[in-house]
Amino acid sequence: MDTLATDTDILKAAEDWKAAGRGVALATVVETWGSAPRPVGSNLVIDDQGNFLGSVSGGCVEGAVVTEALDVIESGKPKTLEFGVADETAWKVGLSCGGTIRVFVEKVE
Amino acid sequence: MRLDILKALNTERAARRAAVVVTHQESGAQRLITQDKVAADPLKEVLEAHLRSGKSGVEETAEGRVFLTVHVPPPRLVITGAVHISQALAPIAALLGYDVTIVDPRTAFASVERFPGVKVIAEWPDKALPPLGIDRYTAFVALTHDPKIDDPALLHALERDCFYIGALGSKKTHARRLERLKSQGVSDEQLARIHAPIGLPIGAISPPEIAVAIMGEVTSRLRLTAEGRR
């Protein structure tokens with residue numbers, strides 16, 4: 001059983017933010033390799049002002065995910081992002097644990 | 001994600017029902033599978049496997065590469081006995097993300113002063129437990145040492161298929177408990193589900209240490225497969 005009580009609040013927040021008229025994107029960890037700080041299924045919700053709730057890593061890549069999410073909110077097109085030590089962007093945003101994660105970012109609409 | 005899917009998903013979660021969101025990686029197309037719709041879905045086998053493990057993940061299927069987001073209800077802990085161990089157990093369990101309820105008909109024990117911020121019900125189990133909707137995402141712990149309180153609660157926990165059932169007491173106390181429950185028609189297989197003496201063997205002595213041992217054992221039931229626990 002994979003249960004993370006805090007995730008309940010994140011998905012509820014996504015619904016509430018949307019109902020309040022904000023542009024909203026949902027990021028979900030879909031795959032991990034090596035030591036990843038947050039399990040598959042972890043969520044991050046982002047609004048069009050860059051506010052966010054939840055986590056997809058231990059805080060290492062959230063900044064990059066938020067930036068991409070703003071794009072997704074604008075275009076409406078989902079994106080899959082990958083972060084890891086072998087990845088060019090990883091040097092910039094850094095997954096300090098040495099793992100690799102793939103994050104699916106989609107607009108709530 | 002479509003707002004109607006998100007809303008329906010949140011409704012399922014609020015009702016403590018399991019659900020899976022299937023997302024096609026290429027197109028981003030999505031559907032929500034509620035518990036009652038699993039059997040009729042083309043991905044039935046894959047869905048069932050993921051619901052059993054409670055884990056989300058990517059699968060190659062006849063429909064192509066899909067991501068399954070598995071949502072199972074957050075775990076709850078129901079305790080009989082507003083005792084000293086419960087005073088440590090309740091905050092530790094809350095920290096681990098459990099929604100905690102304590103049941104004890106003895107009003108001197110079940111006081112708000114002793115359990116600030118915890119849901120405490122000063123009723124007998126036969127009255128207090130049925131409305132709680134105890135399910136297989138609930139851990140149940142019997143701590144009163146009083147068969148009049150613990151026994152009916154244990155019967156209810158077994159009936160509701162709690163993922164963890166533990167009872168405080170020495171091997172001797174537990175042997176007597178098993179005899180009592182057996183005489184009430186509980187099978188050996190069911191009785192074997194009760195963890196007693198309760199908690200991981202970490203040499204716990206003080207009530208907070210016993211609480212840690214209990215939550216360690218509850219966590220292992222929640223997170224490890226049968227092989228992993230060996």
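In which sense do strand E1 (residues 24-33) of chain A and E2(A) pair, and over how many bridges? They pair in the antiparallel sense, over five bridges. The legends below concern a predicted model, in which local features need pLDDT of at least 70, side-chain atom pairs count only at pLDDT 80 or more, and totals for chains, interfaces and linings use all residues. Residues are numbered from 1 along each chain as its sequence is written, chains are lettered from A and ligands numbered from 1 in the order in which they are written, and side-chain values use heavy atoms, with hydrogens and water left out.

**View 1. Strands E1 and E2 of chain A pair in the antiparallel sense.** Two strands count as paired if DSSP finds at least two bridges between them. Strands (E, at least two residues) and helices (H or I, at least four) are DSSP runs, numbered from the N terminus. Ala27(A) has Leu44(A) in E2(A) as its bridge partner.

**View 2. Strand E2 (residues 43-47) of chain A is largely enclosed by the rest of the structure, because five of its five residues are buried.** Buried means under 20% relative accessible area, exposed over 50%, and partly exposed in between (1.4 Å probe, protein chains only). On one side of E2(A) the buried residues are Asn43(A), Val45(A) and Asp47(A); on the other they are Leu44(A) and Ile46(A).

**View 3. E2(A) and E3(A) form a hairpin.** Strand E3 covers residues 52-54 of chain A and pairs with E2(A) in the antiparallel sense over three bridges. Ile46(A) stands opposite Phe52(A). Four residues lie between the two strands, and in this turn Gly50(A) has a positive phi of about 90°.

**View 4. Helix H2 of chain A runs from residue 62 to residue 75.** From first C-alpha to last, its 14 residues reach 20 Å, close to the 20 Å expected at 1.5 Å a residue. The expected span is 1.5 Å times one less than the number of residues. Buried residues in H2(A) include Glu62(A), Val65(A), Ala69(A), Val72(A) and Ile73(A). An α-helix has 3.6 residues a turn, so residues three or four places apart point the same way. Just after H2(A), Gly76(A) takes a positive phi of about 80°.

**View 5. Chain B has nine helices and ten strands.** Its C-alpha trace spans about 60 × 35 × 35 Å along its principal axes. Of the 230 residues of chain B, 50% count as buried.
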